[in-house]
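Please look over the sequence and the structure below. The report that follows describes selected side chains and their surroundings.

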Amino acid sequence: MIPKMGLEGDDESSPPNLPPSSMFRYNSPLVQVTLIGLVCFCCPGMFNALSGMGGGGQVDHTAANNANTALYTTFAVFGILGGGIYNILGPKLTLFAGCLPYCLYVGSFLNYNHHHDQPFVIVSGALLGIGAGLLWAGQGAIMTSYPPSKRKGTYIAMFWCIFNMGGVIGGLIPFILNYNRGEAASVNDGTYIGFMCFMAAGALLSLTILPPSKVIRDDGSMCTKITYSNVSTELVEILKLFMNWKMLLIVPAAWASNFFYTYQFNNVNGELFNLRTRGFNNVFYWGAQMLGSAGIGYLMDFSFKSRRKRGFLGIVIVGLLGTAIWSGGLANQLRYSRSDNKIGKLDFKDSGSAFSGPFVLYFSFGLLDAMFQSMVYWIIGALADDSETLSRYSGFYKGVQSAGAAVAWQVDVHNVSYLNQLIINWVLTSVSYPMLLFLVMMAVKDEKNNTED
């Protein structure tokens with residue numbers, strides 16, 4: 001029996017057109033993208049805040065690094081498979097299953113505070129990788145296929161702002177709860193419990209997401225015309241992705257886009273700042289992401305009438321900004337090393353002007369991350385317009401991204417110098433820009449020539 005996408009059991013007949021004035025109706029792209037943003041606010045948003053503390057909030061980064069390696073290894077596999085699973089199960093089951101392991105992962109660090117049970121942390125990381133693969137494949141499909149084609153950058157920016165507000169709030173939790181523990185090494189139990197409460201709420205919220213066949217744009221068009229999928233079809237389509245020249249051109253950008261987190265979280269924020277200041281910094285790191293995504297989203301939707309020109313402009317701006325920020329990172333990195341931290345542990349209140357330079361750099365890393373990933377998602381969204389295809393494209397992107405992250409965490413475990421890690425990150429991001437320019441030139445059509453618009 002062929003399973004029905006979404007397993008909702010509802011009539012899939014075409015609904016009537018709805019007037020543009022009903023943009024806030026439950027089945028509108030605006031409401032649905034907002035809901036997936038809130039889900040990611042609660043789950044990966046809080047996870048990012050925890051990761052941004054360096055070492056999962058622990059003094060010894062080994063357990064977190066090994067857990068992240070396990071996480072991103074399984075994430076790489078299930079990120080690629082996630083698009084097909086989403087097409088078979090639909091958003092509710094896929095996203096709910098993807099959210100639950102976040103609570104377990106944070107709970108393992110709560111347990112680690114008392115028992116130092118590293119195997120439990122690593123197993124939890126591997127399970128979270130499976131869940132994250134499902135969650136992000138579904139998120140990518142919703143964010144890139146539900147909006148109208150001319151406003152995908154705006155919707156991506158809106159999602160990114162809501163999602164990263166989770167990192168902002170999540171940064172405030174350890175900052176407030178550990179404010180008077182300036183010399184403490186590991187975060188307290190209340191920090192982990194606070195994260196778990198948000199993540200549980202996100203899992204419940206995922207059940208409110210509608211399948212693409214139920215979502216109707218303001219012009220009356222549906223997000224998909226395909227209502228059925230099956231395992232064999234999805235396996236074939238996923239295998240085709242590895243021979244798809246468009247996806248191959250995205251590989252360098254995908255590999256780079258989470259590779260730099262290890263360096264930024266562990267070796268900048270975790271190395272240069274004390275515990276409470278790391279929480280303080282994360283508020284601004286994820287806040288910078290909101291600014292970056294809003295800025296690049298506006299440029300890639302409104303700067304030119306031609307969609308291809310908007311793509312070119314976005315890539316060039318991100319490339320120039322990235323070069324400037326990594327240059328600043330190099331200047332900062334030359335002042336300390338893994339074996340000799342001449343800067344010491346900086347505090348936002350007590351370190352004076354010595355705090356400002358590394359703080360601005362870390363803020364800039366957050367700005368660049370959001371601009372880089374929003375740019376790539378915009379390009380992916382410009383390659384197709386249906387949920388089925390974009391769920392596979394997004395899953396492929398997240399799978400390759402996670403494979404790169406798995407390698408990055410082990411690079412740090414094996415004590416590769418901070419300087420070499422910075423150079424690797426800079427090279428990886430720089431290589432991706434010309435490939436993305438070529439992809440936009442060859443595969444992105446202007447709206448007037450795109451029959452799907």
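In which helix is threonine 69 found? Threonine 69 is found in helix α3, residues 62–89; helices (H or I, at least four residues) and strands (E, at least two) are DSSP runs, numbered from the N terminus.

## Basis of the model

This is a predicted model, in which local features need pLDDT of at least 70, side-chain atom pairs count only at pLDDT 80 or more, and totals for chains, interfaces and linings use all residues. Residues are numbered from 1 along each chain as its sequence is written, and side-chain values use heavy atoms, with hydrogens and water left out.

## Threonine 69

Threonine 69 counts as buried because its relative accessibility is 13%. Here buried means under 20% relative accessible area, exposed means over 50%, and partly exposed lies in between (1.4 Å probe, protein chains only).

A polar atom of the threonine 69 side chain lies 2.9 Å from the backbone oxygen of asparagine 65. Leaving aside residues up to four places away in sequence, threonine 69 touches Ala406, Trp409 and Gln410 (contact means heavy atoms within 4.5 Å).

## Salt bridges

Side chains of opposite charge can pair when their charged atoms come close. A salt bridge is a side-chain nitrogen of Lys or Arg within 4 Å of a carboxyl oxygen of Asp or Glu. By this rule the model has 8 salt bridges.

One of them joins aspartate 385 to lysine 152, with the closest N and O atoms 3.0 Å apart. Aspartate 385 is in the loop between α12 and α13 (387–413), while lysine 152 is in helix α6 (residues 152–177), and the two are 233 residues apart. Both aspartate 385 and lysine 152 are buried.

Arginine 276 belongs to helix α10 (residues 275–302) and aspartate 347 to the loop between α11 and α12, 71 residues apart. Arginine 276 is buried, with a relative accessible area of 10%, and aspartate 347 is buried at 4%.

Aspartate 350 forms a salt bridge with arginine 276 as well, the closest N and O atoms being 3.8 Å apart. Aspartate 350 lies in the loop between α11 and α12 and arginine 276 in helix α10, so this pair ties together parts that are 74 residues apart in sequence. Aspartate 350 is exposed, with a relative accessible area of 63%. Shared partners join Arg276, Asp347 and Asp350 into one network of salt bridges.

Conventions
Polar contact = N/O pair within 3.5 Å; in protein donor to acceptor, adjacent residues only side chain to side chain.
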